[in-house]
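Let's go through this model together, one question at a time. Keep the structure open beside you as you read.

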Amino acid sequence: VIDLACVVHVHSRHSDGSGTVAEIAAAAAAAGVDVVLLTDHDTLAARVAGDERWHGPVLVCVGEEVTKRPGHHYLAFGLEQPIDHRGMTPRDVVAAVDAAGGFGILAHPFSLGSRHFRFLPKAGWEEIAPPGAVGFELWSLFCDTVERLPSLRAGVRFLADPDRVLDDARPEAIARWDELTAQRRITAIGGLDAHQVGLRVAGHVPLRLLGYRRSFRLLRTHVLVDQPPSGEAARDRDAVYEALREGRCYLARDSLAPARGFACWAERPGERVELGGETAADERFTLHVRLPRAATIRVLRDGVPIARRHGTELELPAGAPGVYRVEARLHTHGRSRAWIYANPIYLR
Ligand SMILES: [Zn+2]
Ligand SMILES: [Zn+2]
């Protein structure tokens, strides 16, 4: 299994980001990222410009953020043409992406707007799992951070040292996730909504408050693919998309500690089930967890914690039917923080 570190939900100058695709790819390479999933607002211009390709060690995949206002933004991938969403309901957008052969992920679905930053209106979704949607941002880094800042001063603290401020995805997002997976498979991802915001002066951004390179370290979605990348962009992109569709991925705060090496699977004689996989429950299943460094491992079944231990590995009988998911937490900067959220394994 090959672990590709992806940054999902990134804006370039093709919409309201402040960097070119080349600059974004360079920032990703410097941050040790393998894949950028670019999602400019209502445009696939980066693809038209020939930027969906390998840029040195970084694969750039071009999706779009279908941007209805206000809210109900949808990260759509695998499209030939941007979606003309005029007059569409959010459910229509999901269906249109599906009909065009693409797939989508709900952007910042839990957004409530910000009290302190009025430029950020409420931009969530009323329905978190509309039929046909492949997944949702369990953690939408920019939105969830800014909306939860208790004060402007806290915002300054965040910019000075994000790792001190970030700790968990929104509790209501986690709770909703566990409810949804009881109904159907759905992929949780970590989105950045990276714009490289800063102070814009005469068309330039001389002061970068949160540059691409810095935000690319904070939250990643690691996808698990069978083969090393071939170097052929379309094929490698499709392998990444397939892993996202299947939920074969996990969120990680790589700035706390590199997460590559994390593994979680369920096994019984003759069968192995990966993240996102679903199969009939069997009393002979064992759940396996491996970590690249010691952390607190929590296992939840149907949203209820069933095991917890500190270490680099865990094995647990998984005979009871249910939706099994794993979190790893690290104690850093004075408290316990989420390091890894893995997509579930469905035994039912
Ligand atoms: Zn958005
Ligand atoms: Zn966005």
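Q: Which backbone nitrogen does the side chain of Asp-236 reach?
A: This is a predicted model, so side-chain atom pairs count only at pLDDT 80 or more. At 2.8 Å, its side chain reaches the backbone nitrogen of Ser-230.

Q: Which side chain of opposite charge is nearest to Asp-236, and how far away is it?
A: Asp-236 is buried but has no salt bridge. A salt bridge needs the nitrogen and the carboxyl oxygen to be within 4 Å. The nearest side chain of opposite charge lies 5.3 Å away, and it belongs to Arg-235.

Q: How many salt bridges does the structure hold?
A: Side chains of opposite charge can pair when their charged atoms come close. One such pair here is Glu-52 with Arg-237, whose closest N and O atoms are 2.7 Å apart. Altogether, the number of salt bridges in the structure is 27.

Q: How many residues apart are Glu-52 and Arg-237, which form a salt bridge?
A: Glu-52 is found in the loop between α2 (45-48) and β3 (54-55), while Arg-237 belongs to helix α9 (residues 233-246). The pair therefore links distant parts of the chain, with a separation of 185 residues.

Q: Which residues are linked with Arg-237 in a network of salt bridges?
A: Besides pairing with Glu-52, Arg-237 forms a salt bridge with Asp-238, where the closest N and O atoms are 3.1 Å apart. Asp-238 is partly exposed, at 39% relative accessible area. The residues linked with Arg-237 in the network are Arg-47, Glu-52, Glu-80 and Asp-238.

Q: How many residues apart in sequence are the parts that Arg-253 and Asp-163 tie together?
A: These two form a salt bridge with their closest N and O atoms 2.3 Å apart, and both residues are buried. Arg-253 lies in the loop between β12 (249-252) and β13 (263-268), and Asp-163 in helix α6 (residues 162-165), so the parts they tie together are apart in sequence by 90 residues.

Q: Against which strands do the buried residues of α3 pack?
A: In helix α3 (residues 90-99), the buried residues are Val-93, Val-94, Ala-96 and Val-97. They cover an arc of only 160° around the axis, so they are on the same side of α3. These buried residues pack against β4 (58-66), β5 (74-77) and β6 (103-106).

Q: Which residue coordinates both the zinc ion (ligand 1) and the zinc ion (ligand 2)?
A: The zinc ion (ligand 1) is coordinated at 2.0 to 2.2 Å by Glu-65 (OE), His-73 (ND1) and His-108 (NE2). In sequence these donor residues are spaced E-x7-H-x34-H. The two zinc ions are 3.5 Å apart, and the residue that coordinates both is Glu-65.

Q: What is the relative accessible area of His-108?
A: Glu-65 in strand β4 and His-108 in the loop between β6 and β7 (135-140) are 43 residues apart. Glu-65 is buried, with a relative accessible area of 1%. His-108 is buried too, and its relative accessible area is 5%.

Conventions:
Residues numbered from 1 in each chain as written. Chains lettered and ligands numbered in written order. Predicted model: local features only at pLDDT ≥ 70, side-chain atom pairs only at ≥ 80, totals over all residues. Heavy atoms only, no water. Helix = DSSP H or I, 4+ residues; strand = E, 2+ residues; numbered from the N terminus. Buried < 20%, exposed > 50% of the residue type's maximum accessible area, 1.4 Å probe, protein only. Lys, Arg positive; Asp, Glu negative; His and termini not counted. Polar contact = N/O pair within 3.5 Å; in protein donor to acceptor, adjacent residues only side chain to side chain. Arc of directions from axis to C-beta. Contact = heavy atoms within 4.5 Å. Donors = N, O, S within 2.8 Å, 3.2 Å for Na, K, Ca; no water.
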